[in-house]
Amino acid sequence: MFYLQLRNELWKLFGKKRTYIGFGAFLVVQVLISLLFKLTKASRPMQRLLEGNGYLPEDYISALTIATVMLIPIAGLLLPLYVALIGGDLVAKEAEDGTLRMILARPISRVRLLTTKWLAGVVFSFCLVAALAVFGLVFARLTFPWGGMFVWMPEHGIFSVFNASAGLAHYLAANLMLTSEAVSLMGLAFMFSCFNIKPAAATILALSISFVDYIMFHIPFFSDYQAWFLTYHLQVWQWMFQEDFNWARIMESMSMLAGFNLTFLFVGCTVFQVRDIKS
Amino acid sequence: MIQLTHVVKKFGQRLAVNELSLTVPRGEIFGLLGHNGAGKSTAIGMMLGQVWPSGGEVTVCGHDVASHRARALAKVGAIFETPAFYDYLSGWRNLEILTHYSAPTSKARIKEVVDWVGLSGREHGRVKTYSHGMRARLALAQALLPQPELLILDEPGEGLDPEGIHEMRQTILRLHRELNLTILLSSHLLSEVEQTCKRIAVLHQGRKVFEGSVAEVKSARGQVLLRTNDQAAAVKLLRERGLITNASATGITPTDGKSTGEIARVLFDAGFSVDGIWQQEQTLEDFYLNLVKNPPPLPGKN
């Protein structure tokens with residue numbers, strides 16, 4: 001029964017054209033980044049950095065490196081926007097369209113309904129990140145050779161070079177962790193979606209909060225409290241590019257994100273439980 | 001089948017439903033009448049556990065909706081005005097989605113219901129290509145899938161053309177006859193309620209102002225139409241004799257216990273030429289309009 005209900009939620013989610021239009025935007029960005037590095041001098045600073053550290057650029061400016069570069073605008077801008085749109089729609093759009101009233105004429109509990117919808121959002125987030133990881137690599141491979149991977153993230157003090165197989169492992173690990181960002185932002189928008197507001201309002205609220213959170217955690221005054229900010233932990237995927245995983249940092253962020261997500265779900269369920277559903 | 005006991009619902013300071021007590025017995029077609037905003041949809045929302053009452057108790061199929069909603073709604077189907085579907089999916093998929101919120105349902109059962117409502121051949125088309133009538137049939141199909149004992153219809157005729165309304169009325173009667181369903185029909189289409197329901201309740205400004213049978217309403221005495229050679233003098237005489245309580249240009253309202261025969265005799269004896277006198281049957285519309293214009297006072301108020 002639960003499986004059937006989850007499958008139905010996925011049908012609803014994947015049956016919408018809008019789902020694929022948004023996905024198309026990601027692919028366009030991936031192709032553009034790939035072409036930008038191939039056809040312009042965008043890779044020149046990278047080459048200089050590698051040469052300055054005694055590495056041959058032709059060994060490390062590869063499909064894996066470009067696919068990793070693609071992750072930065074996607075994780076920082078497009079992914080939050082897209083998953084917040086999906087999360088904001090999950091409940092509020094059904095309430096707006098009137099289908100929520102049809103569902104709640106059935107003997108399903110509100111908590112179960114929300115849990116099913118949230119899980120559908122989680123499955124969607126996993127699928128999205130997985131698809132982006134694969135397409136990113138494919139597009140990068142079409143324009144760049146296979147080879148080692150180079151990652152430089154100065155704000156985390158990461159300067160890593162990997163051979164191809166280790167690079168692939170780190171790339172996949174980073175994408176796996178990126179799902180935690182997708183799930184958390186989807187969950188935040190989902191929480192607002194449970195309130196009596198329009199879907200767009202739920203999305204905007206979620207994005208606004210994550211934006212304010214991001215700004216605050218970069219203000220020096222709050223540097224001692226960084227670990228309490230959501231966006232600080234959403235960057236956990238970047239830590240997967242360290243040559244040796246900092247497991248303490250990774251587990252800290254994963255625990256905090258689990259706590260944030262449970263809180264979002266709990267608040268959403270509580271608000272939804274006491275709400276009156278009217279046409 | 002449905003029992004509301006002193007149910008109250010407030011939205012902020014606004015009292016949407018005021019001390020509503022209502023009983024819908026098993027096997028009956030029960031009409032819920034009222035203007036827009038009278039509290040019908042809120043009352044139905046409380047029956048379906050979509051709106052939480054501020055006070056009182058709502059019982060459906062013998063179970064309290066607030067505490068045992070799943071059990072209360074296990075054998076309930078509902079249709080709302082302008083039924084909403086996932087337009088980008090097929091009718092069949094919509095049925096699958098909605099019925100699985102109640103219980104796992106076999107394809108054979110879905111096919112059976114699709115045939116019953118007359119959607120065969122179009123069930124795999126996208127809902128956005130359906131006409132209004134087809135959407136109404138799909139709404140009926142989703143309500144029938146869990147094999148309900150109680151069907152709640154909230155303004156089902158809204159937006160339908162006369163042919164659609166006729167079809168809906170026939171369907172309601174067929175559902176009652178063939179499937180022996182208890183039906184609660186909320187509507188402001190008085191003629192539909194009059195032709196389909198056995199009993200009615202009238203809501204006005206959130207409170208019940210009448211509950212009784214349609215036969216009772218129709219048998220209640222309406223105006224007596226009177227035609228005489230001197231209408232004004234005839235009315236004056238009848239008033240003086242205490243035979244009528246009210247009079248208009250075309251009719252009179254006899255005092256309780258006074259028949260048309262007695263009135264006619266008095267007029268003949270007084271030398272009036274009586275061209276016609278007959279008791280007019282009260283329609284539900286007359287009754288309803290009179291009731292909402294002059295609602296009974298609140299209990300305990302002067």
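Guide: Two residues are in contact if their C-beta atoms, placed from the backbone, lie within 7 Å. Helices (H or I, at least four residues) and strands (E, at least two) are DSSP runs, numbered from the N terminus. This is a predicted model, in which local features need pLDDT of at least 70 and side-chain atom pairs count only at pLDDT 80 or more, while totals for chains, interfaces and linings use all residues. Residues are numbered from 1 along each chain as its sequence is written, and chains are lettered from A and ligands numbered from 1 in the order in which they are written.

Visitor: What covers the buried residues of H1(A)?

Guide: The cover includes helix H7 (110-143) of chain A and helix H3 (91-99) of chain B. The buried residues themselves (20 or more other C-beta atoms within 10 Å of their own) are Gln5(A), Asn8(A), Glu9(A) and Lys12(A).

Visitor: Why are they on the same side of H1(A)?

Guide: They cover an arc of only 95° around the axis, the arc being that of the directions from the helix axis to the C-beta atoms; therefore they lie on the same side of H1(A).

Visitor: Which element gives the largest share of the side of chain B that touches chain A?

Guide: Between the chains, 26 residues of chain B are in contact with 25 residues of chain A. The largest share of that side of chain B, 4 residues, comes from H3(B).

Visitor: How do H3(B) and H5(B) pack?

Guide: H3(B) and helix H5 (residues 132-144) of chain B have axes 9 Å apart, at an angle of about 30°, where axes are lines fitted to C-alpha atoms over the stretch in contact and angles run from 0 to 180 degrees between N-to-C directions.

Definitions and conventions
A residue is buried if 20 or more other C-beta atoms lie within 10 Å of its own, exposed if 12 or fewer, and partly exposed in between; C-beta atoms are placed from the backbone.
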